[in-house]
Amino acid sequence: MDRGKLIERLMATFLGELGDHVRVINDDLLALEKDPQGADHAERYQSLFRAAHSLKGAARSVGVGVVEEACHQLEEILSRVRDLGRPLAPELFGLLFQTADAIEDAGRRLREQRDLAESPLSALLGRLKETADDIPRRN
C-alpha cells in the first residue's frame, strides 16, 4: 500500500474513533452532571479519562495536534479533579461540553479537508490549559 493510501485509511479510522469517543465523553458528562456523587461516578471519571487518552493517542498517530492537545488538557482537568476527590464544578461542565462539541466540529472539518487553525477547538486550547493550571495538584 502506498503512503498516501495508508494515511487516508488511518485518518478514516481516526475520524470514526473520534465520533465514538465524543459520544462517550458526552454521555459520561451528562451522567456526572445529573448525579455528581452517584454510585458510578468513579467509573464515569475513568471512562472519560480513557476516552480522552485514547483520542489523544489516535490524534497523535495521524498528526492532528489540535485534537491531541485538547485531549491532553481534558486529561489534566479530569485527573486533577478526580485526584482531589471533588465532583466537577458546575462551571467546568460548560467548558467540557463545549470542548466535546469543538472536537466533533474538528472531525467535520477534517472530513471536509479544512484547516483547524481557525476552528473552535483551536480557540479553546488556551482556556483549557488555564483551567487545568487553576486546579491544584494533589500533593
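In this predicted model, the largest cavity is lined by Ile25, Leu29, Leu48, Ala52, Leu74, Leu78 and Leu96. The space inside the largest cavity comes to about 40 Å³. With a threshold of 30 Å³ or more, the count is 1 cavity. Three helices each give at least two residues to the lining: H1 (3–34), H2 (41–62) and H3 (65–84). By class, the lining has 7 nonpolar residues, no polar ones and no charged ones.

The packing of H2 against H3 was examined next. Their axes lie 8 Å apart, and the angle between the two helices is about 155°. Angles over 145 degrees count as roughly antiparallel. H2 and H3 are therefore roughly antiparallel to each other. Their crossing is left-handed. On the H2 side, the contact is made by Tyr45, Gln46, Leu48, Phe49, Ala52, His53, Leu55, Lys56, Ala59 and Arg60. On the H3 side, it is made by Val67, Glu68, Cys71, His72, Leu74, Glu75, Leu78, Ser79, Val81 and Arg82. The residues of this contact divide into 11 nonpolar, 4 polar and 5 charged. Leu48 and Ala52 of H2 take part in this contact, and both also line the largest cavity. Leu74 and Leu78 of H3 likewise belong to the contact and to the cavity lining.

H3 also packs against H4. Here the angle is about 155°, and the axes are 11 Å apart. H3 and H4 are therefore roughly antiparallel to each other. H3 passes H4 in a left-handed crossing. From H3, the residues in contact are Val67, Cys71, Leu74, Ile77, Leu78 and Val81. They meet Leu92, Leu96, Thr99, Ile103 and Ala106 in H4. This contact holds 10 nonpolar residues, 1 polar residue and no charged residues. Leu96 of H4 is part of the contact with H3, and Leu96 is also among the residues lining the largest cavity. Leu74 and Leu78 meet H4 as well as H2.

The last pair is H4 with H5. Helix H4 covers residues 90–111, and helix H5 covers residues 120–134. The two pack at an angle of about 150°, with their axes 9 Å apart. The crossing of H4 and H5 is left-handed. H4 contributes Leu92, Leu95, Gln98, Thr99, Ala102, Ile103, Asp105, Ala106 and Arg109. H5 contributes Pro120, Leu121, Leu124, Arg127, Leu128 and Thr131. By class, the contact of H4 with H5 has 9 nonpolar, 3 polar and 3 charged residues. Leu92, Thr99, Ile103 and Ala106 of H4 touch H5, and these residues also meet H3.

Terms used: Residues numbered from 1 in each chain as written. Predicted model: local features only at pLDDT ≥ 70, side-chain atom pairs only at ≥ 80, totals over all residues. Heavy atoms only, no water. 1 Å grid on protein atoms, 1.4 Å probe; cavity = no way out; pocket = protein on both sides within 12 Å on 5 of 7 lines; lining within 4 Å. Points joined across faces, edges and corners; volume = space filled by probe spheres on them. Helix = DSSP H or I, 4+ residues; strand = E, 2+ residues; numbered from the N terminus. Nonpolar A, V, L, I, M, F, W, Y, C, P; charged D, E, K, R; others polar. Axes fitted to C-alpha atoms, helices over the stretch in contact; angles between N-to-C directions. Parallel < 35°, antiparallel > 145°, perpendicular 65-115°, else oblique. Left-handed = near helix turned anticlockwise from the far one by under 90°. Contact = heavy atoms within 4.5 Å.
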